[in-house]
Amino acid sequence: HPRTLFTKNSSNPMRELLRFHPLYQERVWGGRALESVLGRELPPAQPIGESWEVVDRPEAQSVVHGGAHNGLSLGAVLAKYGPDVMGPKWPAGKPFPLLVKWLDCRERLSLQVHPPAAVAAGLGGEPKTENWYIAQTAPDARLIVGLKRGVTRAQFERAIADNTVEDCVHHFRVAAGDSILVHSGQVHAIDAGNLILEIQQNSDTTYRVYDWGRVGLDGQPRQLHVAQSLRSIDWDDFEPAPVRAAPTSGVIADCPEFSIRRIVLGAGERVHLRAGEQPRLLSVVSGGGRSSAENSAGTRSPLGQKLVRGENVLLPFAGAFTFSADATTILLVTENFV
């Protein structure tokens, strides 16, 4: 497991980890797994498909839950403490670069694509590369990412008209602990029965190319974006492979926008993340434990804060942290996004 030495830092107000209130989103394909699996208290009688865990966008803001900065939005935290949270070179006014979501896919999602940077501006959208970590899955559940080998744009367009798109896309089975990095331009869909942690660029541009004949919560067919999708799809992207679950620590995603390490800890084992390196996101995808932060005197709370399965917290640049596992635990550490 990664082990680093602590470095003391000068006194500043941003040494503690930041927890946020989740923002729940009703979706026609959603369910109640965030309640039954993660123990969340959800709005009643609604299909909740997404929980936005960390977000800094004009239309949605994470709000700090607990601690010295309780009640501040993530945008306000960055405006006031940007260098402490993100590092000394962080530009004033820049939003947090990632968006973290839980996805409860009770039913299959639409077939969709996010525009690559080269075409996004021309379409009035934003690129979005994302990583899916499968926290729980139904037997025989699948993902759809990329095209079947040899499928051409002309064949795909005919398949849309003929309602045979299913024959053009790459399906594969998944199990808990698997993950896959989905780049902008890759056509994709999440099949029914998957509970997924999605870590992505800060973007909310999605083009639906096909929706399996489904209607929305209002009973009407949902809007499609076929022209935009056809301009965005990478027609040379065939049958990408997932990263399969493993009992060891290692890198599961690495792209220009971010990287993700899987850290596997046994009961009583610890991981140390030191101050002054970079900000990080810590996600508990299995098990749980406690995180303690170093204070201005260089000492740590003997108890720390309890972190349970499903939590996603921001570890500021200025803070040093130790996570101690109560039982077998899998953490995802997202970094290299600054």
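Predicted model: local features only at pLDDT ≥ 70, side-chain atom pairs only at ≥ 80, totals over all residues.
**First stop: strand β12**

Begin by selecting residues 194–201, which make up strand β12. Is this strand buried or exposed? Eight of its eight residues are buried, so β12 is largely enclosed by the rest of the structure. Here, buried means under 20% relative accessible area.

Next, display the backbone and look for the neighbours of β12. Strands of a sheet pair through backbone hydrogen bonds, either parallel or antiparallel. One partner is β5, which pairs with β12 in the antiparallel sense over eight bridges. To find one of these positions, select Leu-103, whose bridge partner in β12 is Ile-196. Another partner is β7, joined to β12 by seven bridges and also running antiparallel to it. For this pairing, select Gln-136, which stands opposite Leu-195 in β12.

**Second stop: an open sheet**

Now turn to a sheet of five strands. In what order do the strands lie? The order is β14-β15-β22-β17-β20, the sheet is open, and the pairing is antiparallel. Its edge strands are β14, at 250–255, and β20, at 312–315, and each of them pairs on one side only. From one strand to the next, the twist averages 20°.

Within this sheet, select residues 258–265 for β15 and residues 329–335 for β22. Seven bridges join these two antiparallel strands. As an example of a paired position, select Ile-263, which has Leu-331 as its bridge partner in β22.

Switch to a surface view and locate the largest pocket, which has a volume of about 440 Å³.

At least two lining residues come from each of β1 (23–31), β2 (48–54), β5 (98–105), β7 (130–137) and β11 (188–190). The largest share, three residues, belongs to β11. Colouring by residue class instead gives seven nonpolar, seven polar and nine charged residues in this lining.

**Last stop: the second largest pocket**

Finally, select Phe-20, Pro-22, Arg-40, His-65 and Glu-311, the closest to the centre of the second largest pocket among the 17 residues that line it. The volume of this pocket is about 340 Å³. Its lining contains six nonpolar, five polar and six charged residues.

Methods: Residues numbered from 1 in each chain as written. Heavy atoms only, no water. Pairing = 2+ DSSP bridges. Helix = DSSP H or I, 4+ residues; strand = E, 2+ residues; numbered from the N terminus. Axes fitted to C-alpha atoms, helices over the stretch in contact; angles between N-to-C directions. 1 Å grid on protein atoms, 1.4 Å probe; cavity = no way out; pocket = protein on both sides within 12 Å on 5 of 7 lines; lining within 4 Å. Points joined across faces, edges and corners; volume = space filled by probe spheres on them. Nonpolar A, V, L, I, M, F, W, Y, C, P; charged D, E, K, R; others polar. Buried < 20%, exposed > 50% of the residue type's maximum accessible area, 1.4 Å probe, protein only.
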